[in-house]
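I opened a new notebook page for this one.

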Amino acid sequence: MAFGLVHCFFIVFILSFFCSNAVESPDRESLLSFKNSLENPEVLLSWSPSVSHCNWTGVFCNEGRVTSLVLSTHTLAANQLKGPLSTTLFSLTSLVVLDLSSNQLYGEVSPEIASLSRLQVLDLGYNRLTGELPSRLGDLTRLQTLRLGPNFFTGKIPPELGNLVQLESFDLSGNSLTGNIPPQMGNLTQLQILALGNNFLTGSLPYNLFTKLQSLSSFDVSNNSLSGKISPEIGKLTSLNELYIGDNHFSGVFPPEIGQLSNLEIFSSPTCLFNGPLPETFSKLKSLSKLDLSNNPLQCSIPKIVGEMQNLTILNLVYAELNGSIPSEIGKCRNLKVLLLSFNSLSGVLPEELSQLSLITFSAEKNQLSGPLPSWLGKWTQVDSILLSNNRFSGSIPPEIGNCSMMSHISLGSNLLTGEIPKELCSAVSLAEVELNHNFLTGSIAETFVKCRNLTQLVLVDNQIVGSIPDYFSELPLMVLELDSNNFTGPIPVSLWSSLNLIEFSAANNQLEGSLPVEIGNAASLESIVLSNNHITGRIPAEIGKLSFLSVLNLNSNFLEGNIPTELGNCTALTTLDLGNNSLNSSIPDELADLPQLQCLVLSYNNLSGKIPSKGSKYFQQGLYLGNNQLTGTIPETLGRLNGLVKLNLSSNMLSGSIPPSFGSLNGLTHLDLSSNSLSGELPAALSGMVNLVGFYAQQNKLSGHIDGLFKNSIVWRVEILNLSSNSFGGNLPRSLGNMSYLTVLDLHGNGFTGEVPPELGNLAQLEYLDFSGNMLDGEIPGDVCSLTNLLFLNLAENSLEGPIPRYGICKNLTKALLSGNKDLCGGIVGLRCPLKSFGRKSPMLNVWGLASIVVGIILTALSLIIVLRLWANRSSRNDPEDVADSKLNSSDDQNLYFLSSSRSKEPLSINIAMFEQPLLKLTLVDILEATNNFCKANIIGDGGFGTVYKATLPDGKIVAVKKLSQAKTQGQREF
């Protein structure tokens with residue numbers, strides 16, 4: 001009997017066990033399925049089938065059902081889950097908390113998430129989730145916390161999220177969401193935290209956000225593209241502690257109602273379009289500790305009411321277009337630790353009331369502050385940084401600044417400071433960075449910085465400091481030492497090259513002497529050496545090749561000699577190598593072409609010889625300067641492979657052969673200088689492929705042939721300066737030159753060009769310099785070229801030009817020297833009267849009909865004179881002898897007195913005087929032809945029965961009308 005009872009109890013226990021497992025099985029299987037979907041399931045090592053799932057890491061149960069799943073990095077010992085967000089998790093219908101934040105989960109969020117109807121906390125932030133937010137999220141009406149950022153979600157914010165009326169914390173920040181903020185967000189009346197920052201949201205802030213979200217304590221919409229003005233209703237958010245609206249397009253003035261936010265502690269609104277002045281109600285923000293209005297066009301002065309913000313610890317007004325002076329009232333903000341006023345237009349002196357503050361950082365760079373640096377700066381015993389560069393401070397540096405014992409950074413550059421640098425500066429034992437550049441500081445620094453035992457950066461550029469570079473620099477932990485543009489003399493201390501921390505050393509534009517020692521190879525950390533414009537002599541030591549981190553080496557303009565050490569090829573980090581303007585000789589080492597990061601190589605103005613290395617390095621990105629040496633041989637075709645090259649200068653060498661067609665592949669090149677060599681052959685048409693070329697110099701070579709092929713694609717060329725002078729080019733000038741609309745300088749003198757000057761050059765509106773002298777050009781000077789308004793220099797000497805010199809534009813003021821050697825030019829400064837036959841031969845207007853018109857005009861003029869003389873003779877027989885004499889005097893005429901080509905006749909003298917009240921003009925046929933531009937159609941102003949009337953502009957600027965008789969007009973034939 002007892003055995004039977006025990007057996008029955010055992011059976012009941014087993015059945016209850018299996019029934020219990022049957023209930024737990026769905027959640028268990030969902031969790032295992034999620035684990036298996038991961039790329040790194042080993043992270044969930046405790047999720048073993050032999051252990052109850054309620055005991056797994058991050059799993060919390062209630063009566064066997066999973067109610068909480070927390071798998072953030074906090075619970076996974078800094079490990080991260082990687083894989084898709086499996087929909088099997090959405091089968092855990094009893095879940096109240098789902099926290100998968102700070103992992104590497106990816107993929108989209110399935111609408112099936114709506115099955116988690118009991119969910120109160122959903123945190124998927126700091127993952128890599130993509131796609132649009134499912135509108136079914138709005139079905140999770142019990143949610144109190146929703147964090148989906150940062151991720152990579154796109155699309156708009158679903159308005160259905162407005163159904164989550166129990167939501168207290170809502171975070172969508174750090175995604176790529178677009179569109180407007182839906183007004184349904186105003187339904188979330190329980191909301192305390194709203195974070196929508198770092199998206200691409202547009203439009204204005206919905207009105208009801210301010211009227212309904214009365215419980216809101218933190219509001220963040222920063223770093224979007226929101227616009228419009230801030231509604232005065234913002235004053236109703238009286239619970240607000242944090243307000244982040246910066247990095248948007250908000251504009252207008254701040255509403256005075258902001259002053260009602262009495263609990264506001266952080267107000268951050270940088271990089272918007274807000275204007276000043278700031279409302280007086282800001283003084284009511286008694287709880288405000290951080291105010292950031294930087295990068296706004298406030299365009300006002302700093303209001304004095306700032307002094308009433310007693311709890312202010314950080315005030316950032318950088319780049320706010322502020323003017324006026326720094327108000328002394330800021331000294332009342334006794335809790336202020338950080339005061340940032342840089343990049344404004346503040347003026348005046350530093351108010352002494354600031355000395356009462358316990359500042360940690362004070363920045364007022366790039367203003368117009370003036371006066372002496374006050375000695376009370378030494379009262380800031382807690383200050384870490386004093387940044388006052390780019391102002392107008394004058395006088396000496398007060399030694400009291402050394403009392404700032406906690407100071408690590410002082411920047412006083414670009415002021416008007418004078419005198420010596422006080423050695424008391426180093427009483428600030430924490431001093432690490434000193435920037436005193438661009439002042440008028442004098443004296444020596446022999447002992448100035450010897451006690452700055454923590455100094456890592458010293459910038460003294462552009463002062464008047466004298467003496468030698470001190471030895472003690474090697475004992476300081478200097479990483480950056482900039483001594484350029486002073487009056488340092490003597491050699492560089494050998495001990496300096498033993499500094500293990502030194503990264504940048506520059507002392508250009510001084511009077512340093514001596515040679516570079518072999519110890520230079522000991523400065524293992526050096527990345528930049530700039531010693532240009534000094535008096536350094538000797539050879540470049542081979543030990544420099546030990547500097548494996550060296551990126552910039554500039555020894556330009558010294559007195560170095562010898563060869564370039566091949567060991568420089570070991571400096572594989574070199575990006576800039578400038579050895580120009582020295583006396584280096586021998587050949588260019590092939591190893592330089594192997595430097596993998598070299599972008600700029602300057603070897604010009606030396607005595608280098610031999611050939612240009614043809615290894616074909618592909619790494620030059622900025623410039624290759626080999627000009628003014630004694631290099632020989634041909635230009636390597638491999639230079640055309642330097643696709644990133646911007647500037648190439650091979651000028652003033654002894655290079656020969658042709659220009660490689662491969663240069664046409666240098667589509668990034670802006671300047672090409674091949675001048676003063678012995679290059680021959682034709683210009684490759686492929687050069688037109690250099691579409692970004694701005695300056696092309698090939699003068700003083702032996703180049704020949706035609707240049708038509710170079711300008712076939714001239715419309716896309718951006719060349720501004722083209723100099724092909726002193727070569728042997730021939731043929732006609734291509735008319736396509738007129739398409740080079742960017743051209744400012746065109747110099748083709750000293751060649752063999754023939755034919756006419758293309759009138760299309762009149763299209764070059766930007767042209768300032770044009771030299772065609774020393775060619776064999778013929779024809780007339782195009783008037784359109786003379787009319788170029790920007791043309792400042794024009795040289796057409798030593799050609800075969802002919803015809804009249806235009807009397808307008810630059811041609812009006814050309815000297816004889818700029819036109820000499822053109823024997824058939826006439827008019828203008830040449831002073832030769834142009835013969836009629838030349839115009840008859842050249843001008844189509846003077847055809848047979850034109851000549852006939854002239855003959856008829858002369859005959860009619862003679863008949864008119866005979867008639868007038870006969871009438872005067874009859875009158876004189878009846879008049880007094882004195883009257884006769886007077887009439888004879890008044891009737892005296894000259895054939896050039898009033899000459900109109902192809903006109904009917906001259907009117908009687910008395911009629912001319914009566915009608916026009918002007919003295920008669922003496923004009924020749926040449927004058928009339930020039931004044932009417934050879935009777936150009938553009939000057940026609942009328943057409944009558946006798947002929948066509950033309951507008952004529954005389955040399956003195958007067959405008960007259962000229963009628964040209966036409967035989968085709970019948971009225972003239974009837975009357976004459």
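Entry 1: I'm working with a predicted model here. I began with the largest pocket and asked which helices and strands each supply at least two residues of its lining. H8 gives the most, with four residues.

**Entry 2: space and lining.** I looked up the volume next: the largest pocket holds about 970 Å³ of space. I noted 30 residues in its lining. Which of them lie nearest the centre? I wrote down Gly-783, Pro-806, Tyr-808, Glu-930 and Asn-933.

Entry 3: I sorted the lining residues of the largest pocket by kind and got 13 nonpolar, nine charged and eight polar.

**Entry 4: a sheet elsewhere on my list.** I then turned to an open sheet of six strands. Reading across, I get the order E9-E11-E13-E15-E17-E19, and the pairing is parallel. Which strands sit at the edges? They are E9 (154-156) and E19 (273-275), each of which pairs on one side only. I also checked the angle between neighbouring strands of this sheet: on average they are turned by 20° against each other, ignoring direction.

**Entry 5: one pairing up close.** I picked E9 and its partner E11 (residues 176-179). How many bridges join these two? I have three, and the strands run parallel.

Notes. Residues numbered from 1 in each chain as written. Predicted model: local features only at pLDDT ≥ 70, side-chain atom pairs only at ≥ 80, totals over all residues. Heavy atoms only, no water. 1 Å grid on protein atoms, 1.4 Å probe; cavity = no way out; pocket = protein on both sides within 12 Å on 5 of 7 lines; lining within 4 Å. Points joined across faces, edges and corners; volume = space filled by probe spheres on them. Nonpolar A, V, L, I, M, F, W, Y, C, P; charged D, E, K, R; others polar. Pairing = 2+ DSSP bridges. Axes fitted to C-alpha atoms, helices over the stretch in contact; angles between N-to-C directions.
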